[in-house]
Amino acid sequence: MTRPILYVFAISHYCEKARWALDSLAVDYELRHLAPGLHGLIAKRLGAPGSSLPLLVADGRVVHGSGAILEWADAATTNDSMRLCPDAMREECRLLEQRLDDVAGVHARRYYYSEALVEHPQTVRPMFTRDLSFGQGLLLRAAWGRVRALMIRAMDLGFEQGQQSKQILEQELDWFDGLLSDGRRFLVGDRFSRADLTAASLLAPIALPPEHPTYGRLELPPRARADLARWSDRPTTGWVREIYRTHRPRAK
């Protein structure tokens with residue numbers, strides 16, 4: 001059997017969710033970083049149902065998306081005590097995960113890129129190029145203007161869009177602060193689960209935990225820097241940092 005291959009963007013919080021799941025379950029896998037633009041060609045060549053990352057190739061099949069990769073990793077483990085989603089927790093975990101995937105994760109990305117990619121693109125390109133092969137790095141640098149324009153259009157980025165996502169993101173932070181107001185350590189039950197992993201991964205762009213494999217090198221644009229400083233004392237950001245400190249294995 002060959003090692004599974006995980007294709008990622010280093011900066012992506014959805015890719016971090018998949019990496020964390022594989023690391024947490026001690027899966028022996030190969031990590032491959034792709035350049036934006038090229039990732040779509042690779043996904044098509046592999047027969048993936050979509051072009052977004054993360055993408056896992058394992059045992060002759062393609063597993064597309066962070067949630068599906070987490071499911072694959074959980075099913076592959078032979079140690080029930082390590083599983084991220086025991087059957088008794090499945091429904092509640094999935095409900096929380098769906099909201100985090102569809103709302104907080106999407107708007108954290110749109111909020112950040114609407115400032116960084118549109119107004120300060122020099123802060124973003126190093127995050128896409130730092131883990132690439134030499135050849136991919138050259139291609140991305142040469143095509144950066146076109147790639148940037150395609151990303152802005154695909155994610156519907158701009159000042160007004162960023163402010164809209166900021167408002168939604170603050171509403172989600174209020175909701176999450178409310179979940180934590182009863183003093184719970186974990187979101188579901190009394191153990192670390194896929195709900196905690198999902199929440200911490202997708203809210204990591206807000207908390208910037210030092211254990212994150214990439215965000216310690218992230219250069220924030222000015223409005224985002226001010227907002228994150230203002231949000232830094234929220235219960236949610238403290239919880240994310242604590243989950244990373246106590247439950248994030250060393251990333252590949």
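**Reading the sheet and its helices**

Colleague: Which residue in β4 is the bridge partner of Leu-56?

Modeller: In β4, Leu-56 has Val-63 as its bridge partner. Strands (E, at least two residues) and helices (H or I, at least four) are DSSP runs numbered from the N terminus. Strand β3, residues 55–58, is joined to β4 by four bridges, and the two run antiparallel. This is a predicted model, in which local features need pLDDT of at least 70 and side-chain atom pairs 80 or more, while totals for chains, interfaces and linings use all residues. Residues are numbered from 1 along each chain as its sequence is written, and side-chain values use heavy atoms, without hydrogens or water.

Colleague: In what order do the strands lie in the sheet?

Modeller: Strands pair if DSSP finds at least two bridges between them. Here four strands form an open sheet with mixed pairing, in the order β2-β1-β3-β4. Because β2 (30–33) and β4 (61–64) are edge strands with a single partner each, one side of each lacks a neighbour in the sheet. On average, neighbouring strands are turned by 20 degrees against each other, direction ignored.

Colleague: Which strands does helix α2 touch?

Modeller: Contact means heavy atoms within 4.5 Å. Angles, from 0 to 180 degrees, compare N-to-C directions of axes fitted to C-alpha atoms, for helices over the stretch in contact. Helix α2 (residues 38–46) packs on the sheet against β1 (5–8), β3 and β4, at about 35 degrees to β3. Helix α3 (residues 66–76) also touches β1, β3 and β4, and its direction makes about 125 degrees with that of β4.

Colleague: At what angle do α4 and α9 pack?

Modeller: Helices α4 (residues 90–119) and α9 (residues 222–231) pack at about 150 degrees, their axes 9 Å apart. Therefore α4 is roughly antiparallel to α9, a label for angles over 145 degrees. Tyr-111, Glu-115 and Glu-119 of α4 make the contact, with residues of α9 including Arg-223 and Trp-231.

Definitions and conventions:
Parallel < 35°, antiparallel > 145°, perpendicular 65-115°, else oblique.
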